[in-house]
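Thank you all for coming; I would like to walk you through one structure this morning, taking it slowly. Please have a look at it first.

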Amino acid sequence: MLAETLFKLIRNEIFGEEITVEKEKFSTDVLRDLYKLSKSHDVAHLLSDAIIKNDLMDTDCSVYKLFIKQQQLAVSRYERINYELKSLTEIFEKEKIPFMPLKGSVLRKFYPEPWMRTSCDIDILINEENLERATDALVNKYGYEKTIEWDHDVSFMSASGVHLELHYNFIEYKSRDPEMNERIWKDASLSEGYEYRYEMTDVTYYYYHVAHMAKHFESGGCGIRPFIDFAIMKQNIPVDEEQLSLVLSQTKLNEFYNGCLKLYNVWFESGEHDQLTKEMEKFILRAGVYGNIENRVAVIKSTKSQGKFRYLMYKIFLPYELLSVIYPKLKKRRYLTPFYEVRRWFEILFCGRMKNAVREIKVNANTGAEQVQKVANLMKELGLETATKTDDK
């Protein structure tokens, strides 16, 4: 019932669907539960605007200020990120570096108000051959601080405190299409009015959106925001479904896409739940924006058929494939794996990560076989079982 009310409010805010729930049903307890759920998925600002516009909450309600704060934060975040994106666009144009904005930077313009599509950072794609030049310019000429490097992107922090993820590899960990890096730039077109800003094709954008959702789903949950994006895309970015199906088949994402499509129809159209969408909804709603430890532990245990002890050993001695994602310098230097295993242990012990490690051990001990089996069945039905098992190589 809470999820149903949540999506009624989101549909009202984004698409103007009429609210049919009486104000009396929005008790303080209900509003508090809605706030907790929506905040965990970074959509509390949407509910705030919808609830206030429809006069469903009194100003003296204890939750009122909490909702208002989230709405104000969303507007503030948008202003900062939008300003920084304009600055970055000027930088890449000036430095003559081809670039391609990703995610919220693309979709925000299709929302009723751009602040409604929140982001924690700015995601931009460049060619790997331009990474060193882009990094040098950002750090030495424009005051950005380089923070961390992964196997597919480099993170920076601007002087104003905005986080930038500079992707130099369109293929993130466990990608299903090693040729996508070449295809995306080959098919991309210049944005009108720019010399170096590019746009991906509609089919590629849908593929990227689905692949990114799958990545987070495999890691414990993708949140509901990608489904709102999906609803926005359906209304504003027509796509050749035959071409999309071909790309998704080649990348083994068709089953996941079809499952997401069914859940989208339940949440944003008039679709009815079936067993698959019920399990997907539970998995997603309980995990928040980026998934949680409980789901993540269940996913790993289900795809590896591990008991509690084997899971613990897996987390202590990470496979080379995972370890090289955390430490990109390990790539092509497999012989250094023991050194980086020890380095990781020291970082856990002495760099503030011990609390999370202990919590994960406790979750592992308390995750029962029934929960693991449910997650295993869900992953298998969505076609994610094989993709997740690439950790075993």
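I will begin with the sheet and then turn to the aromatic rings.

Please keep in mind that this is a predicted model, in which local features need pLDDT of at least 70 and side-chain atom pairs count only at pLDDT 80 or more, while totals for chains, interfaces and linings use all residues. Residues are numbered from 1 along each chain as its sequence is written, and side-chain values use heavy atoms, with hydrogens and water left out.

The sheet is open and has five strands in the order E1-E2-E5-E4-E3, with mixed pairing; strands here are DSSP runs of E, at least two residues long, and helices are runs of H or I, at least four, numbered from the N terminus, and two strands pair if DSSP finds at least two bridges between them. At the edges are E1 (99-101) and E3 (145-149), each of which pairs on one side only. Four bridges join E3 to the antiparallel strand E4, residues 153-157, and there Glu 145 stands opposite Met 157.

Now to the rings, where a search of the whole structure finds 13 aromatic pairs, a pair meaning that ring centres of Phe, Tyr or Trp (its six-membered ring) lie within 6.5 Å, with planes under 30 degrees apart called stacked, over 60 edge-to-face and the rest tilted. Phe 92 and Phe 99 are stacked, at 5.1 Å centre to centre and 25° between the planes. Why does Phe 92 count as buried? Its relative accessibility is 1%, and buried means under 20% relative accessible area, exposed over 50% and partly exposed in between, with a 1.4 Å probe and protein chains only.
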